[in-house]
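Me: I've got a model open on my screen and would like to talk it through. Can you take my questions one by one?

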2 protein chains.
Amino acid sequence: MTRPSSPWNVPPADRERQRELKRDAVILAAARAFRERGYHNTSLDDIAAVLHVTKPTLYYYVSNKEQMLFECFREGLGRIAAACGEARDANASGRERLIAVVRGYAEAITSDFGWCMVRAEDQDLSPQMSARIKALKSEIDQDIRRLVRQGISDGSIAAGDPKMVAFAIAGALNWIAHWYRDDASLSASAIADRFIEFFVNGLAPRVSGATAGKSP
Amino acid sequence: MTRPSSPWNVPPADRERQRELKRDAVILAAARAFRERGYHNTSLDDIAAVLHVTKPTLYYYVSNKEQMLFECFREGLGRIAAACGEARDANASGRERLIAVVRGYAEAITSDFGWCMVRAEDQDLSPQMSARIKALKSEIDQDIRRLVRQGISDGSIAAGDPKMVAFAIAGALNWIAHWYRDDASLSASAIADRFIEFFVNGLAPRVSGATAGKSP
DNA sequence: TAGGATTTATACCGGCAAGTATAATCGCGG
DNA sequence: CCGCGATTATACTTGCCGGTATAAATCCTA
């Protein structure tokens with residue numbers, strides 16, 4: 001049994017590594033299933049079936065369903081946080097850094113973990129887990145606000161309410177998870193380009209030659 | 001029993017009307033409970049308890065849990081659709097109409113039904129119900145895109161990808177449902193003002209005196 | 001090739017919550 | 001004040017699904 005796809009058909013080499021791979025495969029399968037059917041409408045049997053395995057096997061790699069969701073959250077949010085980290089290190093204006101974050105953000109949201117990050121309920125996690133996720137989310141939010149403030153300071157971003165601007169940008173990006181599907185016509189980076197154009201220039205036509213925003 | 005709040009304590013006048021009121025109260029209670037705990041984490045007993053009533057009573061007004069969710073969807077989406085309708089009738093530029101829609105949209109999203117509209121899963125509805133909701137959502141989406149295209153035609157909106165602009169705007173607005181709470185410091189219209197400022201002018205500083213966007 | 005650790009499957013438990021008989025009660029018209 | 005429809009409660013059934021006890025197979029090591 002155990003047909004192609006999923007590391008179960010590849011007879012092993014070293015233990016440790018195989019175990020990691022399998023665990024990752026479980027998380028990924030969970031992420032996809034959640035995206036497809038929603039967290040509560042996905043049974044562990046469903047996930048197991050995709051991997052050509054049975055439910056108890058899952059428990060060998062993961063302690064429970066909640067943890068699967070948690071790991072999905074973490075994986076996705078980690079990617080966004082990474083983008084924020086890179087931006088922090090970069091040597092550029094606030095606006096340029098913000099644009100870079102938007103690119104990374106869009107990439108993360110369109111990944112398999114996008115759904116979990118955006119649509120899964122904190123309520124479905126234990127208070128401890130939920131708190132950790134909230135902290136991660138808040139950190140990202142603060143990073144974005146900081147970039148906006150920086151941009152305002154260095155003159156690359158027009159004055160405005162940093163908190164609301166951050167919410168608007170993050171909201172637009174998060175929402176991608178609701179309409180994006182792999183077979184969609186646009187790639188993540190194409191979407192990011194369109195969004196950046198809109199974020200930077202706004203709806204109102206610019207008077208003179210102005211400041212569109214393809215990346216550096 | 002049956003303490004203050006909820007029409008159950010107000011002894012009736014005419015039957016028909018009372019029944020409607022009670023039904024509405026059930027839907028509203030459901031919406032609030034869903035927002036608080038999530039759809040799947042809310043039992044019908046929970047909802048009944050809030051109304052100081054028992055589960056079978058709920059079934060007297062509503063055929064099942066799914067229908068509660070459906071009605072919540074409908075109520076919320078109806079408000080947005082109404083805003084779109086008003087905009088269609090208005091005599092104004094595409095941009096001004098779009099701004100008006102943003103105001104109504106923000107109002108709807110911050111209502112008790114905001115959560116259901118935005119965060120509830122289509123998956124939790126039967127295929128028929130789900131299809132009807134999808135149709136409503138799609139209509140709103142098309143309305144917004146149309147306004148953007150109009151704005152581009154009449155010169156009130158800069159050229160761009162109407163579909164992506166619509167997604168970005170709707171996404172930013174929908175996301176309000178994730179962070180907004182009634183006790184929040186900002187009213188819906190204050191949020192709308194900030195968002196409109198950002199949507200219209202974008203991040204990049206305007207060169208000369210330009211075009212902010214308080215409504216007509 | 002024996003033995004211990006690792007990995008997986010079979011078969012089950014228990015709880016929760018949606019939904020449903022069934023029957024009691026309420027309030028108005030006659 | 002009688003009775004009939006409208007309304008509500010008590011108490012139950014039912015199915016699903018997360019989680020687990022147990023045992024079997026597999027695989028490396030010596």
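Here are the questions, each with its reply.

Reply: First, this is a predicted model: local features need pLDDT of at least 70, side-chain atom pairs count only at pLDDT 80 or more, and totals for chains, interfaces and linings use all residues. Residues are numbered from 1 along each chain as its sequence is written, with chains lettered from A and ligands numbered from 1 in the order in which they are written.

Me: Which residues come nearest to DNA strand D?
Reply: A residue is near a strand if its C-beta atom, placed from the backbone, lies within 6 Å of it. There are 19 residues around DNA strand D, and those that come nearest are A:Ser43, A:Asn64, A:Lys65, B:Thr54 and B:Thr57.

Me: Which elements give two or more residues to that surface near DNA strand D?
Reply: Helices here are DSSP runs (H or I, at least four residues), numbered from the N terminus. Chain A brings in helix H3 (55-61), and chain B gives helix H1 (15-37) and helix H3 (55-61).

Me: How far apart are the C-alpha centres of domain 1 and domain 2 of chain A?
Reply: The bounds come from an automatic or database domain assignment, with domain 1 of chain A at 7-58 and domain 2 at 65-200. Their C-alpha centres lie apart by 27 Å.

Me: Which residues does B:Phe195 touch, not counting those up to four places away in sequence?
Reply: Contact means C-beta atoms, placed from the backbone, within 7 Å. On that basis B:Phe195 touches A:Met164, A:Ala168, B:Val102, B:Ala106 and B:Ala172.

How values were computed. Contact = placed C-beta atoms within 7 Å.
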